[in-house]
Amino acid sequence: MQDIICARNLQSLLILGPPGCGKTTLIREICSEIANYYNVMIVDTSNELGGDGDVAHPGIGKSRRLQVLTRSQQHKVMVEALCNHTPDVIVVDEITNSDEAEAARTIAQRGCFIIATTHGNFNNLTRNPILTGLLGDTSTVTFGDSRAKHNHGGKKSVVERVREPTFGVCIEIEAHGKLVIYSNTAHCVDCALARKPFIAQTRQLRSDGAVEVGHKLITCF
């Protein structure tokens, strides 16, 4: 992970996976590492990430917490963290709705890194109408007969990405100790929407503690 969260090359990062797969544990470890180099603010809604006591969970290192009283206010507290606390990085455990997706995009547009988690996998997220804003939003484009025949295999309408993704890198937790790295989110989203296969990197933690790096052909439908 050091290459992904390198202090000299940090990008906004989205961690994907089903409930209970270890997203919170991973994002906590990332907080602890990057807080040595950046001003990190955690928007903590469930208190699962930073702890619910007066003393923060030791796993977040030097990161600060901004606790959220009710889930419905998370998107507002995300923007508050940006405007009032001047962080370099905002961390959010679980983005679940369009308001939070829009708040994440606002944070990224104003020059602040954002690291967040959400449920699901990359394929489903590219077609999720509620959270597609995390990956750049999509729009259906309709073509005339001639252009469709010559450029789109006869298809008169295609779904395309309309803006830059909020997150430059996506990490999908595929299984315990196994990650799939989508290192160029924009390219991967474009391929997924066009139903074109692409290559993603895999990382598997072996029993001896070493990390085995490989590659996987991703096909989205």
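Here is a short chat about a predicted model, its helices, its cores and a few loop residues.

Biologist: Let's start with α1, residues 23–34: what is its reach from first C-alpha to last?

Modeller: This helix has twelve residues. At 1.5 Å a residue you'd expect 16 Å, and the model comes close to that. The reach is 17 Å.

Biologist: Moving on to α2, residues 74–85: which of its residues are buried?

Modeller: That helix has twelve residues and reaches 16 Å. Elements covering its buried residues include β2 (40–44), β3 (64–67), β4 (89–92), α3 (98–109) and β5 (113–119). The buried ones are Gln74, His75, Val77, Met78, Ala81 and Leu82.

Biologist: Which residues have the most contacts inside the largest nonpolar core?

Modeller: That core has 38 residues. Its largest share, five residues, comes from helix α6 (residues 185–193). There is also a second, separate core of 24 residues, including Leu26, Cys31, Ile34 and Ile181. Back in the largest one, the residues with the most contacts are Phe122, Tyr182 and Phe198.

Biologist: Leaving aside residues up to four places away in sequence, what does Tyr182 touch?

Modeller: Tyr182 is one of the residues with the most contacts inside the largest core. Setting those sequence neighbours aside, Tyr182 touches Phe122, Gly168, Val169, Cys170, Glu172, Cys188, Phe198, Ala200 and Ile218.

Biologist: Where does Asp137 lie?

Modeller: Asp137 is another non-glycine residue with a positive phi, about 60°. Most residues other than glycine have a negative phi. As for its place, Asp137 is in the loop between α4 (122–125) and β6 (138–142).

Biologist: Last one: which side chain makes a polar contact with the side chain of Arg206?

Modeller: Arg206 is in the loop between β10 (198–205) and β11 (211–218), and at 39% relative accessibility it counts as partly exposed. Its C-alpha is 9.3 Å from that of Lys178, 28 residues apart along the chain. The polar contact, at 3.0 Å, is with the side chain of Asp208.

Key: Residues numbered from 1 in each chain as written. Predicted model: local features only at pLDDT ≥ 70, side-chain atom pairs only at ≥ 80, totals over all residues. Heavy atoms only, no water. Helix = DSSP H or I, 4+ residues; strand = E, 2+ residues; numbered from the N terminus. Expected span 1.5 Å × (residues − 1). Buried < 20%, exposed > 50% of the residue type's maximum accessible area, 1.4 Å probe, protein only. Contact = heavy atoms within 4.5 Å. Core = buried A, V, L, I, M, F, W, Y, C linked by side-chain atoms within 4.5 Å. Polar contact = N/O pair within 3.5 Å; in protein donor to acceptor, adjacent residues only side chain to side chain.
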